[in-house]
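Here's a quick briefing to read with the model open on your screen.

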Amino acid sequence: MKLYVIGIGPSGENEMTLRAVRALAKCDCFTICTLYLRLIDGLLDGKERIQTGMTREVDRCTAARDAALAGHTVAVISSGDAGVYGMAGLMFEVCQEYPEIEIEVISGITAACSGGAVLGAPLTNDFAVVSLSNLLTPWETIEKRLHAAAQGDFCLCLYNPASKKRTDHLQKACDILLTVRDPKTPCGLVRNIGREGEQFRILTLGELRDTSVDMLTTVFIGNSVTEVISGRLVTPRGYRGV
Ligand code: SAH
């Protein structure tokens, strides 16, 4: 019994790995968040969608497990990488008691990498990734991690920077960074990476604090040596100094 957990990258077909495309071809049914369905609908022809009405992640993973137990070859499809704020871990949890199901995780290009490439090269050296969503992580824990990343002079990549209910999380995150970082620190925003309407903007940390973003955006905050070179965001790795 085989269950693939497949990351499809930021934009679907164009940025999927060949391994992901080949694994998907072997599956006869799949589950995917409706938002991403149209990104890869061309690769889903003839396959059955499991439990279309379900939106909760746990329900989707349980339904995928049950389909595998019933003899289907199943694809659990995530945008970006399924192991980065995705469902890969949950899939192992719900299959814990079913060793007959073989789970294969196929990695995809996560928003930190695809968005970084749009901006230039902001993550060339050590960086930290933090999600500003407090749906599954208490806000105090998120603040603790932001303080630690600020202290460590990591470049930061922020996922889930806002939603309709959470409008001030980015501002709060910037205030934490501003306790140790210069307001002129170069930062970047990328929206709809790889998709129609892709947009990016390079701005300072001080400006970022007063900018509103939505959940289709990934935010990049430079460290103490990040610069803007030819209009792109670059964190030098230090090659020129050796
Ligand atoms: N598994 C996904 C992340 C899911 S969390 C991955 O590896 O990329 C959802 C957050 O990811 C969004 O709020 C946004 O911050 C980021 N994100 C995912 N895809 C994106 C895209 N195409 N453009 C911009 N941001 C994206």
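**Starting point: Thr110**

Not counting residues up to four places away in sequence, Thr110 touches Gly80, Asp81, Val84 and Tyr159. Keep in mind that this is a predicted model.

**More on Thr110**

- You'll find Thr110 in the loop between β5 (102-106) and α5 (111-119).
- Is Thr110 buried or exposed? Thr110 counts as buried because its relative accessibility is 12%, and the cut-off for buried is under 20%.
- The side chains of Thr110 and Tyr159 are joined by a polar contact of 2.5 Å.
- Thr110 also faces the ligand: one of its polar side-chain atoms lies 2.7 Å from a ligand oxygen atom.

**Around the ligand**

- On its own the ligand would expose 540 Å², and the protein buries 93% of that.

**The nonpolar cores**

- The largest nonpolar core has 24 residues. Those with the most contacts inside this core are Leu132, Leu146, Leu156, Leu158, Leu170, Leu208 and Ile221.
- Which elements each supply at least two residues of this core? They are the strands β7 (127-131), β8 (155-159), β9 (186-191) and β11 (217-221), together with the helices α6 (139-151), α7 (169-178) and α8 (205-209).
- Leu156 shows how the pieces meet: setting aside neighbours within four places in sequence, Leu156 is in contact with Ala128, Val130, Leu146, Ala149, Leu177, Val219, Phe220 and Ile221.
- There's a second, separate core too, with 19 residues, including Val5, Val76, Ala82 and Met91.

**Leu132 and Ser133, side by side in one loop**

- Leu132 sits in the loop between β7 and α6, and Ser133 lies in the loop between β7 and α6 as well.
- Leu132 has a relative accessible area of 0%, so Leu132 is buried.
- Leu132 and Ala162 are 30 residues apart in sequence, with 7.2 Å between their C-alpha atoms.
- Ser133 is buried as well, because its relative accessible area is 12%.
- Leaving out neighbours within four places in sequence, Ser133 is in contact with Ile142, Asn160 and Arg166.
- A polar atom of the Ser133 side chain lies 3.3 Å from the backbone nitrogen of Leu135.
- Ser133 and Gln199 are 66 residues apart in sequence and 22 Å apart in space, C-alpha to C-alpha.

**Lys26, out in the open**

- Lys26 is part of helix α1 (residues 18-26).
- Lys26 counts as exposed because its relative accessibility is 55%, where exposed means over 50%.
- Beyond its neighbours within four places in sequence, Lys26 is in contact with Tyr4 and Thr73.
- From Lys26 to Ile193 the C-alpha distance is 28 Å, with the two residues 167 apart in sequence.

**Two backbone angles to check**

- Most residues other than glycine have a negative phi.
- Tyr85 has a positive phi, near 50 degrees, and is not a glycine. Tyr85 is in the loop between β4 (74-78) and α4 (88-94).
- With a relative accessible area of 45%, Tyr85 is partly exposed.
- Ser230 also isn't a glycine, and its phi is positive at about 50 degrees. Look for Ser230 in the loop between β12 (227-229) and β13 (232-234).
- What is the relative accessible area of Ser230? At 73%, Ser230 is exposed.

Key:
Residues numbered from 1 in each chain as written. Predicted model: local features only at pLDDT ≥ 70, side-chain atom pairs only at ≥ 80, totals over all residues. Heavy atoms only, no water. Polar contact = N/O pair within 3.5 Å; in protein donor to acceptor, adjacent residues only side chain to side chain. Areas by Shrake-Rupley, 256 points an atom, 1.4 Å probe, with all protein chains shown as cover. Core = buried A, V, L, I, M, F, W, Y, C linked by side-chain atoms within 4.5 Å. Buried < 20%, exposed > 50% of the residue type's maximum accessible area, 1.4 Å probe, protein only. Helix = DSSP H or I, 4+ residues; strand = E, 2+ residues; numbered from the N terminus. Contact = heavy atoms within 4.5 Å.
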